[in-house]
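These notebook entries record what I looked up in the structure, one topic at a time. I begin with a single residue and then widen the view.

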Amino acid sequence: MQLVIGDIMISVLLIDDEPALLEITRLFLERFGEIKVETCRSALEALEMLKTRSFDAIVSDYEMPMMDGIVFLKILRAEGDTTPFIIFTGKGREHVVVEALNNRADFFLSKGEDPKTQFAELDKMIRQAISRKQAEESLRLADRRTVDILNNLPDATFAIDSDGHVISWNRAMEDLTGIPAKDMIGKGEYEYAIPFFGSRRPLLINLINSSDEELRSLSYENIKRDVQSIVAETASVKRQGIPSVFWSRATLITDRNGAVIGAIESIRDITEIRRVQGEQKAEAVKEREKGMFDRIFGKSTASWYKKGMDLYYKQGKFQDAIACFDRVIEMDPTHVDAWREKGICLNELGRYEAALQCFNRAIELGGDSPGTYYAKGETLEKLGKEKDDFSLYEEAITCFDRVLENDPENVNAWNYRGVCLKELGKHEEARRSFDKAQTLLRINPQKYTR
């Protein structure tokens with residue numbers, strides 16, 4: 001299949017701070033002459049490029065200087081950019097998957113040891129993400145006869161009309177449930193819930209306008225909302241009889257006049273991701289149990305702190321790093337840096353409230369450095385999005401203002417401040433923050449993109 005729109009070649013923006021990887025990825029994707037790749041080495045450089053042109057898809061590394069791939073994605077989505085987005089990053093970042101999906105990334109791909117396989121998978125994801133966007137855009141203006149376009153989407157997806165009857169049940173949904181489309185098309189009365197819950201009940205597709213309390217009463221959690229969409233997880237489902245954890249996104253379908261004519265839901269099985277996270281937590285508990293013995297045998301705070309820093313910054317092993325920082329705190333409860341670094345690791349794992357406790361403790365102990373306030377502000381922004389609590393965005397902005405008092409050229413703080421202001425509906429002030437970051441980039445691009 002030649003991936004073109006009309007007679008125009010597909011354009012892809014590729015962002016990574018490793019020049020060698022940029023070049024080899026570009027060469028692979030362009031090998032068939034169907035995709036044209038533009039590259040840049042930082043998210044800030046990419047934002048500047050996107051001011052003057054658009055792309056059919058964006059592929060971004062996660063861990064980059066000044067601004068990571070998730071922040072980059074948040075800024076794009078906050079500005080209304082719906083370009084298909086793929087996070088492409090190293091191993092050991094399973095926790096990033098759910099955050100990427102919750103911020104409307106289309107796919108997440110870990111860099112592996114077999115370049116040929118991973119680049120082939122990346123090529124496939126780009127094609128599927130673009131096809132899905134075309135399908136969703138077509139679906140908004142389509143009648144029932146065109147709903148079959150969903151069959152080619154990679155995610156398990158189904159759609160219902162305004163009366164709650166199934167109008168599409170794609171091949172991936174057949175694989176997920178074991179139920180052929182012919183046995184589900186036209187069915188109503190919540191029959192599509194039986195394969196997952198064993199009974200007729202509302203699914204996320206029926207609950208887009210429901211309260212968080214009602215969603216939680218129906219076993220949904222980690223709830224995120226958009227204008228016409230909702231994202232949530234549930235661990236109360238079964239995949240062909242096997243207990244599983246599902247991530248779902250449901251979106252309203254509207255006609256040309258904005259009237260709701262149906263809804264669509266995509267489902268992903270994230271059971272393995274949650275299993276890995278559970279094992280990591282269990283391992284961290286075991287490591288903490290050894291902490292007392294290590295202290296008895298003379299381990300120093302300096303050695304455990306250094307070990308924790310190496311585990312986090314060099315290996316991405318956040319649970320192991322937390323165990324090391326806990327040992328430092330056991331021996332010296334006033335160790336400011338250990339409290340701060342523990343909070344940063346907890347933030348990476350999505351444990352935002354626990355992370356805030358660590359940052360507040362560090363500040364109480366006199367560790368009110370720009371770095372601590374920046375980390376606290378970043379965590380408050382994520383928690384605000386998770387809880388849909390505007391007061392947390394206000395508190396985050398205060399933290400970023402503290403950072404900028406000491407470091408007015410902190411591009412990432414300006415960008416994160418803009419994200420918070422955007423969430424609060426202060427669009428003009430948000431734009432000024434984003435523009436300030438871009439101005440700093442233009443003045444000294446080498447400083448922020450090298």
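**Entry 1: M66.** I looked up M66 and found it partly exposed, with a relative accessible area of 30%. In my notes, buried stands for under 20% relative accessible area, exposed for over 50% and partly exposed for what lies in between, with a 1.4 Å probe and protein chains only. The model is predicted, and I therefore note that local features need pLDDT of at least 70, that side-chain atom pairs count only at pLDDT 80 or more, and that totals for chains, interfaces and linings use all residues. Residues are numbered from 1 along each chain as its sequence is written, and side-chain values use heavy atoms, with hydrogens and water left out.

M66 has a positive phi of about 75 degrees although it is not a glycine. I recorded the background as well: most residues other than glycine have a negative phi. M66 lies in the loop between strand 4 (57–60) and helix 3 (69–78). Helices (H or I, at least four residues) and strands (E, at least two) are DSSP runs, numbered from the N terminus.

**Entry 2: the whole protein.** I noted 18 helices and twelve strands. The protein has 450 residues, of which 53% count as buried. Among contacts (heavy atoms within 4.5 Å) with a separation of 6 or more, 53% are accounted for by residues 24 or more positions apart.

Entry 3: How many of the 13 residues of strand 11 are buried? I found eleven in strand 11 (residues 242–254), so this strand is largely enclosed by the rest of the structure. Strand 10 (residues 229–239) pairs with strand 11 in the antiparallel sense over nine bridges; pairing requires that DSSP finds at least two bridges between two strands. Across this pair, E233 stands opposite W247.

Strands 10 and 11 form a hairpin with two residues between them. Q240 lies in the loop between these strands and has a positive phi of about 50 degrees, although it is not a glycine. Its relative accessibility is 52%, so Q240 counts as exposed.

On to strand 12 (residues 260–269): nine bridges join it to strand 11, and the two run antiparallel. Here I253 stands opposite G262. This hairpin has five residues between its strands, and G258 in the turn has a positive phi of about 90 degrees.

**Entry 4: nonpolar cores.** I define a nonpolar core as a set of buried Ala, Val, Leu, Ile, Met, Phe, Trp, Tyr and Cys residues joined through side-chain atoms within 4.5 Å. The largest has 62 residues, and L13, I15, I58, M67, F72 and F85 have the most contacts inside it. Helix 15 (residues 390–406) gives the largest share of this core, eight residues. Apart from this core lies another of 31 residues, including A172, M184, I230 and A263.

I also looked up I15: leaving out residues up to four places away in sequence, I15 touches L22, C40, I58 and F72, among others.

**Entry 5: the largest pocket.** A pocket is an open set of points on a 1 Å grid over the protein atoms alone where a 1.4 Å probe fits, with protein on both sides within 12 Å along at least five of seven lines; lining residues have an atom within 4 Å of a point. The largest pocket holds about 1,300 Å³ of space. Of its 46 lining residues, R77, R104, D226, V227 and S229 are the closest to its centre. Helix 5 (residues 115–140) supplies the largest share of the lining, seven residues.

Methods:
Points joined across faces, edges and corners; volume = space filled by probe spheres on them.
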